[in-house]
Amino acid sequence: SAAGQGRSFYTMDGDGAGPNAITVVFDTFKKETFTPSKGLKQLQRRLKMQYNIIENKEGIEQSIYNVRNTQIAVFWGPREKFTKSEFAVIKNYLEDGGSVFMLLGEGGEGKYGTNINFLLEEYGIYINSDCAVRSVYHKYLHPKEVLISNGVLNRELSHAIARLPGASKSERESVDLSSTQHDLHGGLEIVFPYGATLNVQKPAIPLLSTGQESYPLNRPVLAVYDGKLLHKQGKLIVLGSDKVFNDEWLLKEENGKLLDVLMKWLVPGQEIKLNSNDAEDPDINEYHHVPDTGALASRVRCCLQEAEEIPRDFASMFDDKLFKFDTDEIPEAIKLYKQLDVKHEVLTLIPPQFEAPLPPLQPAVFPPALREVLSSTLVPSRCAHPLSASSASSRPLRPRRAVRVGEGEASQADQQMQGPRQLRLLREALSGDSR
């Protein structure tokens, strides 16, 4: 850390930046969304070769914000309100020839809780409380991550990017060719994530818009104020997104090239060359407000656009004829019998006829099946005959052989013995044989 007039602020000198290099101060006193040590490390490495980086944490005071100590002041998404004395310090800093780079994001002042528009309105710039959204899907998933490929409002911005040290000869020729043809808004393709649009009027000049494929259509997102155009000093650049140059988006598309051009323009003494025709008549559309359909649907309103005047006697507004309960309409109903040629008689009860889904049930009476009973009963064989006297004397008396009725005999017995009479006769025959 380095000490300056009794107050401390952090300095991060670049390896290639000398004592005479331009000093850039990043304000962190207003709780900015990104700082060189938080979210802007790649930007710090990109700038430290040419600039001295200072991180101010002590406050917005004249001792820090003066042209002798710092030449470029950056406010990266302030989230606190400025006081009148702080606005006066920034305004004096601009009038003395300093450069200010102001960034804010979607939602504008309302979301960030700041009042920076109070200062920007004096220079013709106002940050809206809205959000730029891409109307068609292309390359990036979230609709708020807007890819702007045809939003250049001043052709000198494309020329400045083409004249960067790292630009190739083919890139310079393509920019020159597009400037002479009908495509005057090309030459630059950047990602504009989670940003808001601007309202720009003279003496400020819009440089970049949302393009034809984003909503709102052709609304400024980048504007510049150059005091030299009004025979004054100081430069002010306002960008509607504080995430364009952070660590996540700096290396996407041509965001890094845009940063190099803006930082080059912010250097005191560096002239911002802009096309006068594009500056006088930029190709931007009017800012139209779209009603919030979701919020309006939750409110109960009359369907008529114009309401009648309320009379003095408010009791006359009550209509008691809309509903009543009496017998005034009974005579009219009786007359309908004659008109319809219907006999007028007392109504009688019609007995209901219920549909039966199943036919009526009937008792199932049939003779029992005796197959299991006969299969376990011993039936004497019919081939045994009484012995004669001669045979009885010569042969020993043997017991009568019994056989079990098989499956075929049982089925035959089932066919012959049907009903209780056959069963009784069978039982008597069995009892006689056993005797």
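Start by selecting strand 10 (residues 190-193): Ile190 and Phe192 point one way from this strand, Val191 and Pro193 point the other way, and all are buried. Buried means under 20% relative accessible area, exposed means over 50%, and partly exposed lies in between (1.4 Å probe, protein chains only). Helices (H or I, at least four residues) and strands (E, at least two) are DSSP runs, numbered from the N terminus.

The model is predicted: local features need pLDDT of at least 70, side-chain atom pairs count only at pLDDT 80 or more, and totals for chains, interfaces and linings use all residues. Residues are numbered from 1 along each chain as its sequence is written, and side-chain values use heavy atoms, with hydrogens and water left out.

Two strands pair if DSSP finds at least two bridges between them. Val146 has Phe192 as its bridge partner in strand 10.

**The nonpolar cores**

Now select Leu43, Trp76, Phe101 and Phe245, which touch the most other members of the largest nonpolar core, a set of 45 residues. Helix 7 (residues 255-266) gives the most to this core, with seven residues. A nonpolar core is a set of buried Ala, Val, Leu, Ile, Met, Phe, Trp, Tyr and Cys residues joined through side-chain atoms within 4.5 Å. In soluble globular proteins, nonpolar side chains tend to be buried together.

Centre the view on Phe245. Neighbours within four places in sequence aside, its contacts (heavy atoms within 4.5 Å) include Leu40, Leu103, Leu239 and Leu262. A second, separate core has 31 residues, among them Val25, Tyr65, Ala204 and Ala223.

**Aromatic rings**

How many aromatic pairs does the structure hold? There are 10. Rings of Phe, Tyr and Trp (its six-membered ring) pair if their centres lie within 6.5 Å; planes under 30 degrees apart count as stacked, over 60 as edge-to-face and the rest as tilted.

Select Tyr65 and Tyr93: the ring centres are 6.1 Å apart and the planes are at 90 degrees, so this pair is edge-to-face. Tyr65 sits in the loop between strand 4 (51-56) and strand 5 (72-76), and Tyr93 in helix 2 (residues 84-95), 28 residues apart. Tyr65 is buried, with a relative accessible area of 1%, and Tyr93 is buried at 1% relative accessibility.

Then select Phe75 and Phe82, both buried. Their ring centres are 6.0 Å apart with planes at 70 degrees, so this pair is also edge-to-face. One aromatic cluster is formed by Tyr65, Phe75, Phe82, Phe87, Tyr93 and Phe118.

Show Lys30 as well: Lys30 lies over the face of Phe82, at 5.2 Å from the ring centre. A charge sits over a ring if NZ of Lys or CZ of Arg is within 6 Å of the ring centre and within 35 degrees of the ring normal.

**Salt bridges**

The structure holds 15 salt bridges, each a side-chain nitrogen of Lys or Arg within 4 Å of a carboxyl oxygen of Asp or Glu.

Select Lys91 and Glu122, whose side chains meet in a salt bridge (3.0 Å, N to O). Lys91 lies in helix 2 and Glu122 in the loop between helix 4 (117-120) and strand 7 (125-127), so the pair ties together parts that are 31 residues apart in sequence.

Last, select Lys202 and Glu280, which meet in a salt bridge (2.7 Å, N to O). Is Lys202 buried or exposed? Lys202 is exposed, with a relative accessible area of 57%, and Glu280 is exposed at 56%.
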